[in-house]
Amino acid sequence: MSTSAFEYALLRLVPRVERGEQINIGVVLLCRQHRFLGIRIHLNEARIAALWPDLDLAPVREQLAAFEMVCAGGAGAGPIGELPIYERFRWLTATRSTMIQPSAVHCGLCDAPQVMLDHIFQQMVVLPGQAIDERAHEAGAL
């Protein structure tokens, strides 16, 4: 495999935009050379409840499910899902003032974009020592 440029952004939960409090809940990564657009999401419900005990996660899950659909592409994701991967990445990482906000876009080099996505996810989203149930993620559970 060849080393390729990639771009990524963290997805952050910001329940009260005016306070600016946030936690990382996901990563979206684009590697055009490998035709790769991937997303990893995890809601640490215990951590969220500790910070925002009254937060209703249903709308958060709905918005994240829409992000996953756009990332996957296709007609089921509506007109945005039909766009090329780099345009879908731009849509996913566009500045928002909602509860789900992307970080600035960062770049780097990698040989395997899925491996890099998983690495960034483990480093930036998952808390040290926290186990993630991969089966739940694969089944579409957030």
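Where does Ser103 lie? Ser103 sits in the loop between strand E4 (100-102) and strand E5 (106-110), with strands taken as DSSP runs of E of at least two residues and helices as runs of H or I of at least four, numbered from the N terminus. This is a predicted model, in which local features need pLDDT of at least 70, side-chain atom pairs count only at pLDDT 80 or more, and totals for chains, interfaces and linings use all residues. Residues are numbered from 1 along each chain as its sequence is written, and side-chain values use heavy atoms, leaving out hydrogens and water.

**Ser103**
- Ser103 counts as buried because its relative accessibility is 6% (buried is under 20% relative accessible area, exposed over 50%, partly exposed in between; 1.4 Å probe, protein chains only).
- Leaving aside neighbours within four places in sequence, Ser103 is in contact (heavy atoms within 4.5 Å) with Ala9, Leu10 and Arg12.

**Helix H5**
- The twelve residues of helix H5 (residues 113-124) should span 16 Å at 1.5 Å a residue, and the end C-alpha atoms are 16 Å apart, which agrees (the expected span is 1.5 Å times one less than the number of residues).
- Pro113, Met116, Leu117, Ile120 and Phe121 are the buried residues in H5.
- They lie on the same side of H5 because they cover an arc of only 135° around the axis (taken from the directions from the helix axis to the C-beta atoms).
- Exposed Val115 and Gln123 are on the face of H5 turned away from its buried side.
- Strand E1 (4-13), strand E2 (23-31), strand E3 (36-41) and E5 are among what covers the buried residues of H5.
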